[in-house]
Amino acid sequence: MKQKLDKINNLLINFFGIPARAAVPPDPVDLIIATILSQNTNDKNSYKAFRKLKAKYPDWRQVQRLKPEKLEDTVRVAGLAQQKAAAIKALLNYLITKKGIISMDYLEQFTDDQILDDLTSIQGIGIKTASCVLLFSLERNVCPVDTHVHRTLNRIGAVETSSPAKTFTEIKDKIPAQAAHQFHTNLIKLGREICKSSGPVCYICPLKKLCRYPEKDFHRKAGGKENNFFLLDSIDSI
Ligand code: SF4
C-alpha cells in the first residue's frame, strides 16, 4: 500500500501542484476549536462561527467560563450548536483541570499515538479532529480522513473500508515521508472537484489509469467546482 499511496501522491502533485501551507502553524487550541466547529458543515459557516467567537471572546478563558447557552448562541451559524459548544467546553475544562492552563504545548513531547489517545479521551473529540491537530498545528506526518479522503481512496482501490475512522487506521503508518499535508489537501481537492460524492468525472482525473473503481464514468461533465475554501489552512490569518 505504501507504494500505491506514493504513486497517488505524485500524480496528484503533478496535477494540482504542492498546496501552500501556513508560514506559521496555527495554535493547536485555535485549530481544534475551528475543527470542532467545522464538523458536518461547510467551511464558510464554520469560518464565520470561529471568527465571531474569537472577536467576541479573544481569550479562551472567557469561553471556558461562559454559560453553555451563550456559547451555543455565538456558534449557532456552524450548526449543531449544542453539541459543538459542549465539545468546546469539555476541551477547555480538560485543559484547565488537567494542565492548569489553556494551552496544548504539552503535546509536543508526545508521540502521534499518545496525542490521539489523549485528545480522543475528551468528550466530543474524535479521531479526525485529533488528527487535524497533528497535521496542521504539530506538523506531524499524519493524514486526517474526512468524507472526501475516505471516498476517493476507496474508489481508487487503495483501501476497502467502511468508515473514515477505519481508513485512517489503514493508511496511518503508510503515508510517504513528509507528504501528509499535500496528500490530504490534494485528495480533498480531488474529492471536491473531480471524484465528487454525486459521481466521478473520470475523463479529467489524473488517477484514471491507476484507479480500480468499477463504476468509472467517462461521460459525466465536469460542472462547477465544489467548495474550494480550506478552513484549517486559513485560521492563522483570522
Ligand atoms: S478515475 Fe474516476 S473514480 Fe477513479 S479516482 Fe478518478 S474520478 Fe474517482
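User: Which residues in H7 meet which ones in H8?
Analyst: Asp112, Ile115, Leu116, Leu119 and Thr120 in H7 meet Ile127, Ala130, Ser131, Val133 and Leu134 in H8. Contact means C-beta atoms, placed from the backbone, within 7 Å; helices are DSSP runs (H or I, at least four residues) numbered from the N terminus. Mind that this is a predicted model: local features need pLDDT of at least 70, side-chain atom pairs count only at pLDDT 80 or more, and totals for chains, interfaces and linings use all residues. Residues are numbered from 1 along each chain as its sequence is written.

User: OK, switching to domains. Where are they?
Analyst: Domain 1 is 2-20 + 142-226 and domain 2 is 28-138, with bounds from an automatic or database domain assignment. Eleven residues of domain 1 are in contact with seven of domain 2.

User: Which elements give two or more residues to domain 1's side?
Analyst: Helix H10 (164-171) and helix H11 (180-193). That side has eight nonpolar, two polar and one charged residues.

User: And how many residues surround the ligand?
Analyst: 14, and the closest are Cys195, Pro200, Cys202, Cys205 and Cys211. Helix H9 (residues 147-156) gives the largest share of that shell, three residues.

How values were computed:
Near = placed C-beta within 6 Å. Contact = placed C-beta atoms within 7 Å. Nonpolar A, V, L, I, M, F, W, Y, C, P; charged D, E, K, R; others polar.
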